[in-house]
Amino acid sequence: MAEGIVYLNGEFVPASEAKVSVFDRGFLFGDSVYEVIPFYRGVGFRLEQHLKRLRHSLSALRIPLEKEWQGVLDELVRRNGGGNVSVYLQITRGNAGRRTPVYDEHMTPTVFACCSPIRDIYAAGADNIAGIRVIVTTDLRWHRCDIKANGLLPNILVLQQAREAGADEALMIRDGVLTEGGSSNLFMVSNGVIYTPRLSSEILGGTTRELVLELAREAGIPLQEADLSYEQLLGADEVWISSSTRAVLPVLEVDGQQIGEGGKGPLWLRMYELFRQFHQRLMSGEEL
Ligand code: PDD
């Protein structure tokens, strides 16, 4: 495969030529934020919602950066073949030339973006989407999980724990309340109602989560944002996770215990179909 083109501080360059200083605060302190944005056939999916969250993350870290992102990201995707890719966009506070926790508010942020291929989960069709297994483990993160920051060590550790248990994702629990997955939001279905943890600084406001809520409301499917327990999870008829590159995925097993009938539930199928229709409308050029 040809080497990818990345974007670094205003330039499009081959990945092997992109270099960042060892004194960059993103490297030294994880003083940075990021987004992962899917593009299908070169078109950004929920781009506006991702950019809104990016502005929230930047302002929470007080990184002053105003930029017209769409042109940059569209161009990056075009230079990488314009197909189905996820764009990784990272902004660090910048390079201070030395290691010091104190920062100067006039620093120039480092801006990096690259693409990686993804499968078009909407073209795949429901039959070709595999259900996943998850574990539940302690949420070890800080209390500003609403910021999409790069300090992802807890997420990496719980994902590894899931892998070692033969599972695909780890759901996290804090003080008896389920928060979210290591890189996804959580949903469950009981008696025809969709439940999801309510937004707070303990979870990331997922763009896919938001779309699930929008589509459920439009379709008149009852939903509730609530504090959810481990017992409710195990007793649910259906469990799903959501994220930008995976849309909504059915969870078949939690900690080795079967959920509902152990297959893809009827409400998951309905939600997948609503996502697929939304995606089709977007691809046909409709303003959504
Ligand atoms: N992660 N919660 C966490 C902790 C996440 O890392 C993510 C996404 C989500 C879902 O957000 P969205 O629907 O906007 O993708 C929820 C990305 C995909 C990642 O880190 O790779």
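I counted as a polar contact a pair of N or O atoms within 3.5 Å. The model is a predicted one, in which local features need pLDDT of at least 70 and side-chain atom pairs pLDDT 80 or more, while totals for chains, interfaces and linings use all residues. Residues are numbered from 1 along each chain as its sequence is written, and side-chain values use heavy atoms, with hydrogens and water left out.

On the nitrogen side, an N or O atom in the side chain of glutamate 180 lies 2.7 Å from a ligand nitrogen, and a polar side-chain atom of lysine 148 lies 3.2 Å from a nitrogen atom of the ligand.

I then checked the shell, taking residues with a heavy atom within 4 Å: it holds 20 residues, of which Arg53, Glu180, Thr207, Thr208 and Ser244 come nearest. Domain 1 (5-117) and domain 2 (126-284), whose bounds come from an automatic or database assignment, each give at least three residues to this shell.

Technical notes: Polar contact = N/O pair within 3.5 Å; in protein donor to acceptor, adjacent residues only side chain to side chain.
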